[in-house]
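This briefing concerns one protein structure, shown below.

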Amino acid sequence: MERIDINQHTYILEKHYIDAIASMSVKNPSQVILRGKDGAGPWYDVTWGELWNDVTACSRALINHVSLGVKPGDNVVIFSQNTTQWVTSDLAVMDIRAVTVPIYATSSPGQVRYIIKETGAKVAFAGAQAQYDILAGLCSEGAVELDRIVVFDLSVTLSSENSVYFRDFLSSVPASGAHADELESRRTRRSDSDLATIIYTSGTTGEPKGAMLGHDAIMQAMKIHDIRISLGPDDLSLCFLPLCHVFERGWTWYCLYKGCPVSVLTDTKKIGEALPEVAPTAFCSVPRIYEKMYQKINANVLSGPRIKRWAFNLALGIGRRYNECLRLGKKPSWWLRGLYTVADRLVFSTVRNAIGGRLRIMPTAGAHVPHFIIDFFHAMGIHLMVGYGLTETCATVSACPDVNYELGSVGTPFPEVEVKIGQENEILVRSRTLMRGYYKKPEATAEAIDAEGWFHTGDAGMLDEGGNLFITERIKDLMKTSQGKYIAPQMIESRLTGDALIEQAVVIGDQKPYVTALVVPNFAALKEYASAIGLKFKTVEELINAPRIRKLYEDKINELQKELAGFEMVKKFTLLAKEFSMDSGELTPTLKIRRKIILERLAPQIALMYGQGQGSPTDK
């Protein structure tokens with residue numbers, strides 16, 4: 001082990017992530033470290049001792065399985081929703097010095113076939129019936145060759161001889177024998193040069209690429225997070241983003257590394273129910289989750305009596321002044337502290353209790369976070385730790401510290417992470433957390449990482465004098481109107497979706513005379529509004545085409561973008577009767593818009609916005 005002293009902090013770092021987990025299981029065998037839930041059943045606990053026993057059993061079974069077992073460096077697929085077995089399997093693959101290849105549970109057969117074929121995986125863990133059927137179907141078609149499909153969910157109907165339930169897989173080999181001896185031998189030969197995982201970027205366009213992350217990168221990530229973040233056994237994290245994504249997986253790695261228990265939520269649609277049940281102190285999330293929470297809170301306030309709205313807005317103003325002092329590292333006056341105590345007791349505590357009441361660490365990244373969203377939650381004492389990172393950088397590059405950060409930024413780079421701005425304002429990163437390259441794609445690797453070791457992120461940004469990093473836009477997403485004006489669509493979209501009546505928005509403008517938008521209403525809130533004004537309708541289509549509703553959205557969009565330059569403003573919009581979804585392929589598993597797919601599918605609606613009367617309105 002290596003002892004490192006940085007900034008008056010002392011860290012003991014194992015060379016291999018699984019060594020850190022093994023150490024925790026020996027020190028705290030009776031501590032609950034994972035919690036899970038099967039369907040509508042109660043939450044169940046998994047202690048460190050139970051987890052490590054299952055990891056060891058899974059490791060032995062992987063070594064012992066048909067075709068001479070999984071060898072060091074072999075790739076093993078996990079194709080599943082979040083479960084405690086997902087975590088166990090991931091650790092077991094690391095334990096035998098093999099490589100985990102996660103696949104999103106919502107992936108299509110074509111995407112699954114591509115990844116299995118490219119990685120040559122012979123063993124795959126499957127979650128539920130949908131994932132199992134895809135794997136079994138690919139095998140029966142001869143599209144892939146899998147020696148073993150190990151299934152987590154006992155309710156899955158198995159249809160092929162190469163399939164086994166996870167429970168039976170763990171008990172399939174005895175505790176002693178050649179496989180057990182081989183496991184102990186591999187454990188003694190672990191090295192930080194071992195490859196840990198290949199994570200395929202979900203991608204909004206183009207062919208998926210597998211970012212190769214080694215144990216050296218993971219342990220460096222643990223080290224730099226220790227310097228910036230305080231987390232421990234007294235905390236509790238809720239895992240609900242896909243574990244296939246580097247953000248949730250990296251955060252879960254860190255939680256286990258620090259002995260912080262993790263409650264694993266399988267059905268992410270039940271996050272609203274899970275928050276008060278679990279009462280977490282931490283979770284990581286994409287900004288869209290906070291936007292939806294903001295919309296729900298606002299809608300609840302607006303639907304209440306006038307005195308409730310007045311009290312909430314008064315408390316919000318107090319909270320903003322109080323937390324502005326904290327952000328700047330200043331001590332609030334005794335008068336402001338007193339006002340905030342009253343506002344917190346009467347207003348903010350109610351909001352916090354609805355999401356568990358104990359949240360204190362909430363890293364968020366993956367998209368632009370509007371200022372008003374951050375300001376809103378901070379005012380209520382809910383600190384969003386806005387950050388920035390990529391799969392290729394083992395997640396975190398930068399994050400806002402507790403104090404002395406700039407609103408609108410994604411914080412300052414983590415220790416030992418170098419960031420600079422290159423051509424076209426592209427953000428470049430160099431760090432020991434960086435990937436080793438894209439699997440079997442040397443040309444793509446050479447394009448992404450230059451000769452000096454700088455990773456070209458594809459994101460545009462700037463650094464201020466205080467070292468705060470600001471993201472302006474994804475370079476490939478930047479649009480240029482036919483008048484030569486550049487616009488950043490995500491920034492405009494985040495302004496629109498901050499409103500309680502707008503669920504989703506897609507901005508169009510590339511090589512167009514003016515900017516337009518496809519807008520999906522928040523149908524629950526819109527129906528409540530229609531009922532309040534006495535508007536009758538039979539279908540959603542009839543509702544969104546009602547003149548009063550069109551006027552409502554026109555006024556809202558104009559108000560939301562009044563601070564934008566004239567050429568950035570949405571001049572025309574189309575209300576859609578159906579949400580974009582992952583199932584339809586229009587959203588990535590982390591809820592990002594797949595712009596290319598949407599523009600292709602809705603080309604007729606877009607064409608109408610540039611039809612009669614085409615020609616740019618006068619820019620303001």
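Lysine 269 is exposed, with a relative accessible area of 76%; exposed means over 50%, buried under 20% and partly exposed in between, with a 1.4 Å probe and protein chains only. The model is predicted, so local features need pLDDT of at least 70 and side-chain atom pairs count only at pLDDT 80 or more, whereas totals for chains, interfaces and linings use all residues. Residues are numbered from 1 along each chain as its sequence is written, and side-chain values use heavy atoms, with hydrogens and water left out.

**Loop position of lysine 269**
- Lysine 269 is placed in the loop between strand S13 (262-264) and helix H10 (271-278); helices (H or I, at least four residues) and strands (E, at least two) are DSSP runs, numbered from the N terminus.
- From C-alpha to C-alpha, lysine 269 and phenylalanine 247 are 18 Å apart in space, and they are 22 residues apart in sequence.

**Residues with positive phi**
- Most residues other than glycine have a negative phi.
- Arginine 97, although not a glycine, has a positive phi of about 65 degrees; arginine 97 lies in the loop between H3 and strand S6 (99-103) and counts as buried at 16% relative accessibility.
- Alanine 395 is not a glycine either, yet has a positive phi of about 80 degrees; alanine 395 belongs to strand S16 and is buried, at 9% relative accessibility.

**Sheet**
- Four strands form an open sheet in the order S14-S15-S16-S17, with mixed pairing; two strands pair if DSSP finds at least two bridges between them.
- Strand S14 (362-364) and strand S17 (412-413) stand at the edges with a single partner strand each, so one side of each has no neighbour in the sheet.
- Strand S15 (residues 384-390) and strand S16 (residues 395-399) run antiparallel and are joined by four bridges.
- Tyrosine 388 stands opposite serine 398 in S16.

**Cavities**
- The whole structure holds five cavities of 30 Å³ or more; a cavity is a set of points on a 1 Å grid over the protein atoms alone where a 1.4 Å probe fits but cannot get out.
- The largest cavity has a volume of about 60 Å³, the volume being the space filled by probe spheres set on the points, which are joined across faces, edges and corners.
- Residues lining the largest cavity include Trp86, Asp90, Arg249 and Trp253, where lining residues have an atom within 4 Å of a point.
- Helix H3 (84-95) and helix H9 (246-257) are the elements that give two or more residues to this lining.

Technical notes. On a 1 Å grid over the protein atoms alone, a cavity is a set of points where a 1.4 Å probe fits but cannot get out, and a pocket is an open set with protein on both sides within 12 Å along at least five of seven lines; lining residues have an atom within 4 Å of a point.
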